[in-house]
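Colleague: I am new to this structure and would like a close look at a single part of it. Please take me through that part slowly, in one connected answer.

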Amino acid sequence: MLEKVAAIIREQLNQENVEITEATRFKEDLEVDSLDLFELVMAFEEEYGVSIPSEELENMATVGDVIRYIQEHA
Amino acid sequence: MKTKITELLQIEYPVFQGGMAWVAEHKLAAAVSNAGGLGIIGAASAPPEVVREEIRKCKELTDKPFGVNIMLLNPNAEDVAKIVVEEGVKAVTTGAGNPGKFMELWKNAGVKVIPVVASVAMAKMMERAGADAVVAEGMESGGHIGSTTTMALVPQVVDAVSIPVIAAGGIADGRGMAAAFMLGAEGIQMGTRFVASKESIVHENYKNQIIKAKDIDSVVTGMSTGHPVRSLRNQMTREYLKLEKENADFMELEKLTLGSLRKAVQDGDTVNGTLMAGQIAGLIRREQTCREIIEETVQQAQECIAAQGQHKKI
């Protein structure tokens with residue numbers, strides 16, 4: 001799961017070699033801004049067929065948070 | 001003029017006035033609505049009861065629909081979200097955050113929800129959350145901005161969503177409005193031109209700076225902090241940009257901009273104030289009433305569209 005999520009993040013952010021773990025933080029480590037975050041959520045939704053309501057976005061600080069959300073809701 | 005936006009909001013012209021912090025108060029909003037557009041009160045960081053007061057004063061000045069702009073990252077957002085429902089406000093535009101959690105409240109009350117977006121993904125998400133339309137705002141705008149231009153953003157958003165799109169950023173006359181229609185927009189939002197209107201309460205010095213401005217006079221500060229803001233260049237922006245180049249820390253930068261918009265709007269401080277304005281400021285030559293601005297813009301847009309077939313052989 002992590003590898004696939006990481007691949008989506010790398011693809012969306014055009015950062016092919018960036019290291020991504022569950023502890024990676026979107027804002028601090030990946031320099032993701034609010035526009036990027038929307039982009040990422042759309043990509044996750046497409047891949048996993050889950051719906052991530054916009055209000056959930058604010059609670060997702062790390063890659064691990066996203067993975068847990070997808071696992072619980074997919 | 002009839003578009004999906006005039007139908008949605010039951011207004012005469014699809015012209016919004018941006019919900020600018022400190023600037024968009026009840027007199028400006030009422031003047032725009034009375035002239036057939038959609039006036040918008042900018043709630044910004046005002047205390048909720050002040051916003052309620054603004055809404056009530058606006059209702060005394062106009063019986064036409066008007067809106068309130070809510071900055072969702074503001075701690076007061078939740079209270080303001082309820083106040084617009086209690087006061088029967090017709091439309092809400094939102095910025096800086098996610099309106100998702102208020103959507104049900106607003107939809108149940110019949111409030112039209114029109115988020116301001118700066119990207120396709122954001123627009124899609126807002127549509128899915130139940131938005132009635134979106135304002136696609138390009139980085140030509142004054143104030144807080146995204147990174148894509150209106151020319152590039154609007155057609156991409158139009159293709160991505162099925163709700164109507166209002167174009168914003170870099171529009172200050174009928175040519176801009178006609179161009180927005182060509183890109184697929186159903187309406188426009190103007191900010192800077194209304195800042196310089198007769199009914200606008202901003203200090204004369206601020207208006208004069210807009211009227212004096214040339215095409216190259218706007219700059220973007222705050223790129224390094226992730227919160228870029230466009231304003232007219234002055235001593236404050238020069239110092240700010242210099243500090244940014246030197247990698248000054250956030251607190252040092254904050255010192256320069258703390259209360260600086262208020263200084264520009266209320267004190268007319270053109271040296272230390274933040275004179276928020278869009279790239280199109282250079283096009284604005286004089287102070288006019290909101291009615292003159294709207295009627296002139298709409299008429300010019302109609303002429304532009306009618307003239308195209310005759311002027312250009314494509």
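In what sense do strand 7 of chain B and strand 11 of chain B pair, and over how many bridges? Please also set that pairing in its surroundings.

Modeller: A word on the source: this is a predicted model. Strand 7 and strand 11 (residues 229-232) of chain B pair in the antiparallel sense, over two bridges. One residue pair can be picked out: B:His144 has B:Val229 in strand 11 of chain B as its bridge partner. In general, the strands of a sheet pair through backbone hydrogen bonds, and the pairing is either parallel or antiparallel.

The two strands belong to an open sheet of three strands in chain B, with the order 7-11-10 and antiparallel pairing. Strand 7 and strand 10 (218-221) of chain B are the edge strands, and each pairs on one side only. Helix 11 (residues 235-245) of chain B packs on this sheet, where helix 11 touches strand 10 and strand 11 of chain B. The direction of helix 11 makes about 40° with that of strand 10 of chain B.

Now the domains. Chain B is divided into domain 1, made of 4-199 + 289-307, and domain 2, made of 204-280. The C-alpha centres of these two domains of chain B lie 23 Å apart. Between them, 17 residues of domain 1 of chain B are in contact with 17 residues of domain 2 of chain B. On the domain 1 side of this contact, the elements that give two or more residues are strand 7 (143-144) and helix 9 (192-195) of chain B. The residues of that side divide into eight nonpolar, eight polar and one charged.

For comparison, there is another sheet in chain B. It is an open sheet of eight strands with the order 1-9-8-6-5-4-3-2 and parallel pairing. Strand 1 (15-17) and strand 2 (39-42) of chain B stand at its edges with a single partner strand each, so one side of each has no neighbour in the sheet. From one strand to the next, the twist averages 25°. Strand 1 of chain B pairs with strand 9 (residues 187-190) of chain B in the parallel sense, over three bridges. Within this pairing, B:Gln189 in strand 9 of chain B is the bridge partner of B:Phe16. Helix 2 (residues 26-34) of chain B packs on this sheet and touches strand 1, strand 2 and strand 3 (66-71) of chain B. The direction of helix 2 makes about 165° with that of strand 2 of chain B.

Key: Residues numbered from 1 in each chain as written. Chains lettered and ligands numbered in written order. Predicted model: local features only at pLDDT ≥ 70, side-chain atom pairs only at ≥ 80, totals over all residues. Domains from an automatic or database assignment. Contact = placed C-beta atoms within 7 Å. Helix = DSSP H or I, 4+ residues; strand = E, 2+ residues; numbered from the N terminus. Nonpolar A, V, L, I, M, F, W, Y, C, P; charged D, E, K, R; others polar. Pairing = 2+ DSSP bridges. Axes fitted to C-alpha atoms, helices over the stretch in contact; angles between N-to-C directions.
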